[in-house]
Amino acid sequence: MSERPADDRLAARWSERRAAGRTGLVAYLTAGHPDPAQTTAFLRGAAAAGVDVVELGLPFSDPIADGPVIQASSHAALAGGMTAEGALALLADARPEVPVVIFSYLNPILARGAAGFARAARAAGAAGLLVTDLPAGADPALEGELGAAGLPLVRLVAPTTPPVRRREIAAASRGFLYLVARLGVTGEGPGLAADLGPQIASLRTVTTLPIAVGFGIATERQAAEAGSLADGVVIGSAVVARMARGGAAAALEWLRSVRGALDARR
């Protein structure tokens, strides 16, 4: 694993992709699902499958932003004994070649103390942190504690976010900006929103950060369509479903085909 600062690793990965004219591929998985060994296998195999950034989700009992697939994976991981500490231990052991963003709800972080959690995540090798239910500016002291460890805080922007608020979120984000592609929870959807292009164009007027699009991207075609508009695509439920059916091998095999579709659309 690179010894560069966490912020540098995320920025460097996106810079490499931009310089090469390639779309970034961000893959989400739930730590401990379907079991810890498969999580480790995924982390170690992500680079070879063409994944650029991994979002490692901490299982949580009430994942309100997630649809049934990720909810089920979270509950299964918890039932199997996975914890936040266990997830960080998996990351430290796997030493993946790609930057890993810890994806979490706020409660597991608060339960361990924000500053201590951020330091532990950084020590385990995390390159960033995304907290789904911590809006930018909602708790400056807490955000300061999380940021003090040097982990960039990646922020979410929704389709309904007003222009002034988009500017505030963009200014507070580091690493990249995550644009939610549609309203609702995570999960496979029928297609991309018709106004996705204008949404991305609007964001580009308020930030120079890479823009990655997620929520509802479930096929190679959808990924390629979103990737032709954005700097990156985020795929979660479709990866988690394949992890459940066939483990890391099945998920990584499919992600190779997604990588191929993204590259063919350049």
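Predicted model: local features only at pLDDT ≥ 70, side-chain atom pairs only at ≥ 80, totals over all residues.

**Stop one: two helices**

Select residues 36-45, which is helix α2, and then residues 84-94, helix α4. Packed helices like these get described by the angle between their axes and the distance between the axes. Here the axes of α2 and α4 come within 9 Å and cross at roughly 45 degrees. An angle like that makes α2 oblique to α4. As for handedness, the crossing of α2 past α4 is right-handed.

Now show side chains. Which residues in α2 meet α4? On the α2 side, pick P36, T39, T40, L43 and R44; across from them in α4, pick L90, L91, D93 and A94. Color this contact by class and you get 5 nonpolar, 2 polar and 2 charged residues.

**Stop two: a cavity**

Rolling a probe the size of a water molecule over the atoms shows where empty space is left. How many cavities of 30 Å³ or more are there? The count comes to 3. Head for the second largest cavity, whose volume is about 60 Å³.

To see its lining, select Y28, G57, L58, P59, F60, P63, D66, I70, S74, F103, S104 and Y105. Two elements each give two or more residues to this lining: α3 (68-79) and β3 (100-104). Switch to coloring by class again, and the lining of the second largest cavity splits into 8 nonpolar, 3 polar and 1 charged residues.

Conventions: Residues numbered from 1 in each chain as written. Heavy atoms only, no water. 1 Å grid on protein atoms, 1.4 Å probe; cavity = no way out; pocket = protein on both sides within 12 Å on 5 of 7 lines; lining within 4 Å. Points joined across faces, edges and corners; volume = space filled by probe spheres on them. Helix = DSSP H or I, 4+ residues; strand = E, 2+ residues; numbered from the N terminus. Nonpolar A, V, L, I, M, F, W, Y, C, P; charged D, E, K, R; others polar. Axes fitted to C-alpha atoms, helices over the stretch in contact; angles between N-to-C directions. Parallel < 35°, antiparallel > 145°, perpendicular 65-115°, else oblique. Left-handed = near helix turned anticlockwise from the far one by under 90°. Contact = heavy atoms within 4.5 Å.
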